[in-house]
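Hi everyone, thanks for making time for this. I'd like to walk you through one structure, taking it a piece at a time. Have a look at it with me.

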Amino acid sequence: MAREFSAFDKIAMARALELAQRGAATTQPNPRVGCVIARDGQVVGEGWHERPGEAHAEVAALAAAGAAAAGATAYVNLEPCSHFGRTPPCADALIQARIKRVVFAGLDPNPLVGGEGAERLRAAGIEVECGLLAAEAEELNLGFLTRMRRGRPWVRVKLGMSLDGRTALANGVSQWITGEAARSDVQQWRARSSAILTGIGTILADDPRLDVREGAAQRQPLRVVLDSRLRTPPEARVLKKPGDALVFTALDDPQKSGVLERHGARVERLAQERIDLGAVLARLAALQMNDVLVEAGPTLAGAFVRSSLVDELLLYIAPVLLGRTARALMELPELADLKNASRFTMMDARAIGDDLRLLLRPR
């Protein structure tokens, strides 16, 4: 019979999750991981994974604990790795430090780990327990876990609208429906995303930068443009540094591709006629993108919903009315029956300045 987790176990794991969150914008493509080492109810070391190629959370915590790690318990929000990557296996480091017990929140679905880390620890005589604060740990690494389990990134579609569900005036003017606080909040979501994706319609209409502008961004997301006919202007701001830009197309035109590549883009042909969104996400997963933030117009946003490829809607609602001639939130097919409507579950709702931010997931 599995032992029950103590109150201190829960406190220590909550702290590990708090530490892991510090790497929200920097660990891509690796998962966000924190570790706490404690003995006799006292924390003796803690650490978190900051960026790829640097020490994993367990190694950082062991370094902080020093000799006090021997006989202690390690709390970590993801199963310790068992393979050599840019750094040696964390399971081996825990064994060498003579840790007595390891508590982790969830198994690592990475095929290179997949339970092997836990088994290696058990084989070394270490007590191993799994499942503490598993739901909270899952939320922290939705992108990484989705990529490993489903072969595609977690897709978050960001939209801003008026009270009557409009995103721009009939003439296309949309700056700014939402307030400064909401726009600042979007920067935080961009920072924690692996990639920001948009369509050629948005590029031509708004010429967005799609980068992280607030503070000293330690990592810029990949900027992705879906452009079937290669209409992206070479001077488009999305192609300019900082960060990298990737244009997916269906057109075989070396001359047009070459112009964009000379202006800093990488161009990849994914189809012959229309770009398939599933193929786009599969390719981004192959490029180790965990979380994709879609910032697009009604056509592309609607296409993601119709294709059942939206994992989350990030919706900002401004206290303003734009009228029936203004542009709609999404292009979706007409429904003859309400039972066919796309329905979402409210995960979070909060005021951001004068606006309301909703986080919704498909039912």
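Let's start with a question: how many of the residues of strand β10 (residues 245-249) are buried? Five of its five residues are buried, so the strand is mostly covered, where buried means under 20% relative accessible area, exposed over 50% and partly exposed in between, with a 1.4 Å probe and protein chains only.

Before I go on, two notes. This is a predicted model, in which local features need pLDDT of at least 70 and side-chain atom pairs count only at pLDDT 80 or more, while totals for chains, interfaces and linings use all residues. Residues are numbered from 1 along each chain as its sequence is written, and side-chain values use heavy atoms, with hydrogens and water left out.

A word on names: helices (H or I, at least four residues) and strands (E, at least two) are DSSP runs, numbered from the N terminus.

Back to β10. In a regular strand, side chains alternate between the two faces of the sheet. On one side of β10 we find Ala-245, Val-247 and Thr-249, on the other Leu-246 and Phe-248, and all of them are buried.

Now, the neighbours. Two strands pair if DSSP finds at least two bridges between them. Strand β9 (residues 222-226) runs parallel to β10 and is joined to it by four bridges; there, Val-224 has Leu-246 as its bridge partner. Strand β11 (residues 265-269) is also parallel to β10, with five bridges joining the two, and Ala-265 of β11 stands opposite Ala-245. Together with helix α9 (residues 254-262), β10 and β11 make a right-handed β-α-β unit. Right-handed means that, with the strands pointing away from the viewer, the path from the first strand over the helix to the second runs clockwise.

One more stop in β9: Leu-222 sits in that strand. Leu-222 counts as buried because its relative accessibility is 11%.

Finally, empty space. Rolling a probe the size of a water molecule over the atoms shows where empty space is left. On a 1 Å grid over the protein atoms alone, a cavity is a set of points where a 1.4 Å probe fits but cannot get out, a pocket is an open set with protein on both sides within 12 Å along at least five of seven lines, and lining residues have an atom within 4 Å of a point. Points are joined across faces, edges and corners, and a volume is the space filled by probe spheres set on them.

The search finds one cavity of 30 Å³ or more. Its lining includes Thr-27, Arg-32 and Phe-144.

The second largest pocket holds about 510 Å³ of space. Of its 26 lining residues, the closest to its centre are Asn-30, Pro-31, His-56, His-83 and Asn-110. Helix α6 (142-150) gives the largest share of that lining, three residues. By class, the lining has 12 nonpolar, nine polar and five charged residues; Ala, Val, Leu, Ile, Met, Phe, Trp, Tyr, Cys and Pro count as nonpolar, Asp, Glu, Lys and Arg as charged, and the others, Gly among them, as polar.
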